[in-house]
Amino acid sequence: MPKKILITGGAGFIGSHYAQSLLDGHRNALSVTVLDKLTYAGNAKNLDEIRELPGFRFVRGSICDADLVDELVGEADEIVHFAAETHVDRSIADGAEFVRTNVLGTGTLLEAARRHGGRRFVHVSTDEVYGSIATGSWPEEHPLRPSSPYSASKAASDLLALSYHTTYGLDVVVTRCCNNLGPRQYPEKIIPLFVTRLLAGCTVPLYGTGENVREWMHVDDHVEALERVRTRGRPGEIYNIGSGVELTNRELVAALLELCDADWDRVEFVADRPGHDRRYCLDSTKIRTELGWTPRRDLRTALADTVDWYRKNDEWAA
Ligand code: NAD
């Protein structure tokens, strides 16, 4: 019997790449059910390449719907949990949906997993839970100091997930990844927003002086790391997933301008985001040594490929 994987948020950016990689890599050995509410950030078109494959099923619904979640978790052997509200700026404007989805939704999934028992639960999280770091990098044991309602809701969900391991012995593994880039990311985060606007001839808004530093990774490398964690990660553990490749937003924008044939006169410096974390940097020694993972995509090529994808797929977000 194929192993049944439930992927929450699989119509979003990273979840759709993960679902596709599972069905490409393990045809016949796995079946995949995607549970996704199709919020503004989810896009049914993200599943076009796998929709007709045997072993694939899409269920439109919310991770907060306890009856639906109970049924789907009951049918699954493993759960990989991506579903979340993910945009920091939206969380600053109104955090309520972030608490509902990221905290209560995760809690609803964990409760179902506890009731049914015996299921691996991969909780996909973010470097943002650690806060901001001036120098060096965070190991997994570093205290959490989230700054935004988004990162605070993710930190809460990480702790809730880990508590189900400690209290009930649930087979939970938590991952924390740096910023991803690649095709099919909803155009509100910096790369897809800036690329789509630059390609359309518009200006782009850069926060503050653009000196904030982020670590960047192609989504394919994240997917590969998650697969190692799903199959070989140790229960109750946290795995940081970082590329070690850091860019200031200014450096990132310079690269995007070049790739989109645009100049700095298209950049508008705007008031900084409240509570804007200065720098993120993960120590990923654990996943590299324990699970043998290493990122393979070079950032420059990954950026060029991503710009190319948005250039060729200008209908995608419509
Ligand atoms: P995304 O916003 O592209 O996708 C989120 C998906 O979740 C969407 O398809 C949306 O419809 C779905 N969703 C939202 N609320 C739901 C609900 N109540 N029930 C069911 N589905 C719901 O996000 P993403 O960038 O693909 O991120 C996926 C996960 O990875 C998130 O948990 C995020 O915190 C984490 N993460 C993202 C990044 C990044 O750079 N994008 C980096 C590290 C970690």
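User: Why is Arg 184 called buried?

Analyst: This is a predicted model, and in it Arg 184 has a relative accessible area of 8%. Arg 184 sits in the loop between strand E7 (179-181) and helix H6 (190-199).

User: What makes the backbone of Arg 184 worth a remark?

Analyst: The phi of Arg 184 is positive, about 75 degrees, although Arg 184 is not a glycine. Most residues other than glycine have a negative phi.

User: Which residues of H8 are buried, and what do they pack against?

Analyst: In H8, the buried residues are Asn 249, Leu 252, Val 253, Ala 255, Leu 256, Leu 257 and Leu 259. The elements they pack against are H6, strand E8 (204-207), strand E9 (213-218), strand E11 (246-248), E12 and helix H10 (299-312).

User: What about Cys 202, and how many disulfides are counted?

Analyst: The count comes to zero disulfides. Cys 202 is in none, and the nearest cysteine sulfur, in Cys 260, is 12 Å away. Cys 202 has 29% relative accessibility and so counts as partly exposed; that term covers values between the 20% and 50% cut-offs.

User: Why is Gly 55 called partly exposed?

Analyst: Gly 55 has 35% relative accessibility. Gly 55 is in the loop between strand E2 (30-36) and strand E3 (56-60). Leaving out residues up to four places away in sequence, Gly 55 touches Leu 23, Ser 31 and Val 32. Gly 55 and Glu 71 are 16 residues apart in sequence, and their C-alpha atoms are 18 Å apart.

User: Why does Leu 104 count as exposed?

Analyst: Exposed requires over 50%, and Leu 104 counts as exposed because its relative accessibility is 52%. Leu 104 belongs to helix H4 (residues 96-116). From Leu 104 to Cys 64 there are 40 residues in sequence but 6.6 Å in space, C-alpha to C-alpha.

User: What makes Ser 157 count as buried?

Analyst: Ser 157 has a relative accessibility of 1%, so Ser 157 counts as buried under the 20% limit. Ser 157 is part of helix H5 (residues 149-168). Asn 102, Thr 106 and His 123 are touched by Ser 157, not counting residues up to four places away in sequence.

User: Why is Thr 294 labelled partly exposed?

Analyst: Thr 294 has a relative accessible area of 44%, and the range runs between 20% and 50%, so Thr 294 is partly exposed. Thr 294 lies in the loop between helix H9 (285-290) and H10. With residues up to four places away in sequence left out, Thr 294 touches Asp 221 and Arg 288.

User: How do you know that H1 meets H7, and how do they cross?

Analyst: Contact means heavy atoms within 4.5 Å. Residues of H1, among them Phe 13, Ile 14 and His 17, meet residues of H7, including Val 219, Asp 220 and His 222. The contact consists of seven nonpolar, three polar and three charged residues. The axes of helix H1 (residues 13-25) and helix H7 (residues 219-232) come within 9 Å and cross at roughly 65 degrees. The crossing of H1 past H7 is right-handed.

Conventions
Residues numbered from 1 in each chain as written. Predicted model: local features only at pLDDT ≥ 70, side-chain atom pairs only at ≥ 80, totals over all residues. Heavy atoms only, no water. Axes fitted to C-alpha atoms, helices over the stretch in contact; angles between N-to-C directions. Helix = DSSP H or I, 4+ residues; strand = E, 2+ residues; numbered from the N terminus. Left-handed = near helix turned anticlockwise from the far one by under 90°. Nonpolar A, V, L, I, M, F, W, Y, C, P; charged D, E, K, R; others polar. Disulfide = S-S within 2.5 Å. Buried < 20%, exposed > 50% of the residue type's maximum accessible area, 1.4 Å probe, protein only.
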